[in-house]
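Subject: Structure handover

Hello,

Here is the structure for you to look over. My notes follow below it.

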Amino acid sequence: MTIQEKKWKTAFIILLSIKGILFILFVILILRLFPAAEGELFESQPIHTDESLFTIETDKQKFNQFIGQLLAETESEVPYVIEFGESNLQLRTRFDMMGQEIPLVVYFNPEVEPNGDLLLMVDSFELGLFSLPVDRMLMLLNGTLELEHWIIIYPTEELVELKVSELPLDENERMSLRFKTLDMEKDHIILGLYYH
């Protein structure tokens, strides 16, 4: 073998060695940058049901639209509306008396319960132009209206409970709303969305 051939052979071996070393470094770099996927990588983190997933801030007008949409989907023979007014919550419906439709309005003072539901203390009860005894009228209202399962009337305590935590938000009933803040004067409502 000539000296020229030895130089080419040596250069070829050096070049092949450099390529081999670069290939090994490339493989090591890839293995370091992209480690193997472990089983825990594909496991979901558990959701804590005592913490809200999302916080919803709204005002009375937008919340009235939400309640109105829910009530529009109900099948009640006697129509009724639940709305936030300036300083209270109102239930408006009608009462048929001797073929005459008489407006019925109940004014409530809302209070947020620790579990996020609303407790509504009756402030006044009006049937037409008359202010009537609250407990008797709540019993009448309870027997007349076909209320949703999340609206419970307690006539003797003169209050109504809105179990917003039991509002059906999805088909599987895995999500619920709960009140966090209800400030009627500042028109500020905060709800939490929870997953069960």
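Residues are numbered from 1 along each chain as its sequence is written, and side-chain values use heavy atoms, with hydrogens and water left out.

Confidence

pLDDT is the predictor's confidence in each residue, from 0 to 100. The protein averages 81, and 91% of the residues score at least 70. Strand β1 (residues 54–58) has the highest mean, 89. Strand β6 (residues 130–131) has the lowest, 76. Helices (H or I, at least four residues) and strands (E, at least two) are DSSP runs, numbered from the N terminus. Where pLDDT is low, the predicted coordinates should not be read in detail.

Helix α2

Helix α2 spans residues 60–72, 13 residues in total. From first C-alpha to last it reaches 18 Å, close to the 18 Å expected at 1.5 Å a residue. The expected span is 1.5 Å times one less than the number of residues.

Which residues of α2 are buried? They are Lys60, Phe63, Asn64, Ile67, Leu70 and Leu71. They lie on the same side of α2, because they cover an arc of only 125 degrees around the axis. That arc is taken from the directions from the helix axis to the C-beta atoms. Buried means under 20% relative accessible area, exposed over 50% and partly exposed in between (1.4 Å probe, protein chains only).

The face turned away from the buried side carries the exposed residues Gln61, Lys62, Gln65 and Ala72. Lys62 has a relative accessible area of 52%. Lys62 and Ile189 are 127 residues apart in sequence, yet 9.8 Å apart in space, C-alpha to C-alpha.

The strands

What covers the buried residues of α2? The cover includes β1, β2 (80–84), β9 (175–183) and β10 (188–195), with contact meaning heavy atoms within 4.5 Å.

β10 is mostly covered: six of its eight residues are buried. β10 pairs with β1 in the antiparallel sense over five bridges. Thr55 stands opposite Gly192 in β10. Eight bridges join β10 to β9, again antiparallel. There, Ser176 stands opposite Tyr194. Two strands pair if DSSP finds at least two bridges between them.

β9 and β10 form a hairpin with four residues between them. In the turn, Asp187 has a positive phi of about 55 degrees.

Best regards

Definitions and conventions: This is a predicted model: local features need pLDDT of at least 70, side-chain atom pairs count only at pLDDT 80 or more; totals for chains, interfaces and linings use all residues.
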